[in-house]
Amino acid sequence: MTEKHPSFLDAALPLIVLIVLLSASVYLFGSDSSYGPNQIALFVATAVAVIVGLKNGYKWQAMEQAMVNGISLSLGAVLILLSVGALIGTWMLSGTVPTLIYYGLQLLSPTWFYAASCLLCGIVAMSIGSSWTTAATIGVALIGVASGLGLSPAITAGAIVSGAYFGDKLSPLSETTNLAPAVAGAELFEHIRHMLWTTVPSYILALLLFTIIGFNSDIAADFARIEQISTVLQQHFAISLVSLVPLLVLLAMAIKKVPAFPTVFIGALLGAVWAVFFQQDLLAQLVDKNLSAAVGIIKLVWHTFYAGFAVETGDSNLNDLLSGGGMASMLNTIWLVFCAMMFGATIEKIGLLRKFVESILFFARSTGSLITSTIATCFVTNLLTADQYMSIVMPGRMFKEEYERRGLAPVNLSRSLEDGGTITSPLIPWNTCGAYMHGVLGVSPLDYAFYAFFNLINPLLSIVYAYLGIKILRLSPPASMPNTQVVKN
């Protein structure tokens, strides 16, 4: 049987099923929807897509191979996730995260906390080119500080995500910042300069909103509680600047462009070493008393790598604050990523997303509508394929020729790919980025998405620029392609 192109109904059916099931998942299970219900929704939607594929002449073996290939694309992220789990555990044990929380409680004012968190994450992410590493290190500590100050974890997570993705987007060290111009055919630094026009104003507006929230919220620091947390931290951990060395080493490796997986895992190993040398009193309390000291320490550190760190302070809230991590803590996130990648690979294989793009181009007559369509397609690709790299590569390939045909410079496409793809990925719970942020920060994207102001403003501002004709660059000379139409902004 010959493989047929899908109809618009074919393309829409799996998406409709997915949206209905995910909505039902959130309604029925609430914040627990990412711990199994969403995965089942993705499985069922994949089954619907397979049925559509079989109807159109696609062989099961071909679709199964596409699923396997799709999941394989996420294995790099899986390795990073497992390493981050280990890192959080050993950095708790080594006192690195507790030290960051301790100094954060002393230095950060509740009024300025949200804006300061966004600014700090922006600076770190721009320096190292990784929103994921920023969230796993500075972000984890800021969530802890927010808990100590009695501040909203959802707003804090929104500030962390906003800052991390601002810095990641403008850093020449970032993978997505290099990927977008490569797909669109633009030069890297021209791409970054062109992004400044939408990215910087969006970030300034986000900082302003976080500042307004800080000044207008009924925030009164409970200094007695802060003092209690600080005292507990000093009782259980050796708090000193030496404990921050693993963080500094990790940041240095990231700046040197050491790949993320070895960087994070080396950071986890260094945390374990630091725990052995600088948290001896803590280790003496936690080791198995039935074993010799050396063997007990080895067992404890080994356990921390896979199961995380837990401490008993006598206060359940502080126990939650100072415990966590371990590779096992990331297994649910990995499960979600696998299911999402399976669905995305299936709909790509049978041509459902391309059908949407063909339909969109029919209506995208102006430059403004073309750029809006590109951003919307990137967002939909994030929804369907659950991967920010796919949301850059697939729309980039699909729209590149159309941008050239209309005489638009490649930087317009590369900026749109970032504004619609990179920026929106952490807002989607089943996307690899959203699942990662949930796993690391402990806050669901459904809770922090409304407060990720930069990620919300940036795509909208890019669309406004497109329709107003602001910084829309033309090819010089225009590309000579047949049937060129005059297009208005």
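This is a predicted model: local features need pLDDT of at least 70, side-chain atom pairs count only at pLDDT 80 or more; totals for chains, interfaces and linings use all residues.

Guide: Residues are numbered from 1 along each chain as its sequence is written, and side-chain values use heavy atoms, with hydrogens and water left out.

Visitor: How are α8 and α22 oriented to each other?
Guide: Two packed helices are described by the angle between their axes and the distance between the axes. Helices here are DSSP runs (H or I, at least four residues; strands are E, at least two), numbered from the N terminus. For α8 (residues 153-170) and α22 (residues 432-441) the axes are 12 Å apart and the angle is about 130 degrees, with axes being lines fitted to C-alpha atoms over the stretch in contact and angles running from 0 to 180 degrees between N-to-C directions. Angles under 35 degrees count as roughly parallel, over 145 as roughly antiparallel, 65 to 115 as roughly perpendicular and the rest as oblique, so α8 and α22 are oblique.

Visitor: Which hand does the crossing of α8 and α22 have?
Guide: The rule looks at how the near helix is turned from the far one, by less than a right angle: anticlockwise is left-handed and clockwise is right-handed. The crossing of α8 and α22 is right-handed.

Visitor: How many nonpolar residues make the contact of α8 with α22?
Guide: Contact means heavy atoms within 4.5 Å, and by that test Ala 157, Ile 160, Val 161 and Tyr 165 in α8 meet Cys 433, Met 437 and Leu 441 in α22. Ala, Val, Leu, Ile, Met, Phe, Trp, Tyr, Cys and Pro count as nonpolar, Asp, Glu, Lys and Arg as charged, and the others, Gly among them, as polar. The contact of α8 with α22 has no polar and no charged residues, and its nonpolar count is seven.

Visitor: What is the arrangement of α18 relative to α19?
Guide: Helix α18 (residues 352-363) packs on helix α19 (residues 367-385) with axes 10 Å apart and an angle of about 160 degrees. That angle makes the arrangement roughly antiparallel.

Visitor: How many polar residues does the contact of α18 with α19 have?
Guide: From α18 come Leu 353, Val 357, Ile 360, Leu 361 and Phe 363, while the α19 side includes Ser 369, Ser 373, Thr 377 and Thr 381. Sorted by class, the contact has eight nonpolar residues and no charged ones, and the polar count is four.

Visitor: Which residue does Asp 419 meet in a salt bridge?
Guide: A salt bridge is a side-chain nitrogen of Lys or Arg within 4 Å of a carboxyl oxygen of Asp or Glu, and the count comes to five. Asp 419 lies in helix α21 (residues 410-422) and its partner in α8, so the pair ties together parts that are 250 residues apart in sequence. Asp 419 is buried at 0% relative accessibility, where buried means under 20% relative accessible area, exposed over 50% and partly exposed in between (1.4 Å probe, protein chains only). The N to O distance is 2.2 Å and the partner is Lys 169.

Visitor: Which residues do salt bridges with shared partners join into one network?
Guide: Arg 405 and Glu 402 meet at 2.7 Å, N to O, and they are about one helical turn apart in helix α20 (residues 388-405). Glu 402 also bridges to Arg 406, with the closest N and O atoms 2.8 Å apart. Relative accessible areas are 16% for Arg 405, 13% for Glu 402 and 8% for Arg 406. The network therefore consists of Glu 402, Arg 405 and Arg 406.

Visitor: Is Ala 180 buried or exposed?
Guide: Ala 180 is found in helix α9 (residues 175-184). Leaving aside residues up to four places away in sequence, Ala 180 touches His 191, Ile 392, Ser 414, Leu 417 and Glu 418. At 0% relative accessibility, Ala 180 counts as buried.

Visitor: What is the phi of Lys 471?
Guide: Lys 471 lies in the segment after α24 (453-468) and is partly exposed at 29% relative accessibility. Although Lys 471 is not a glycine, its phi is positive, at about 55 degrees.
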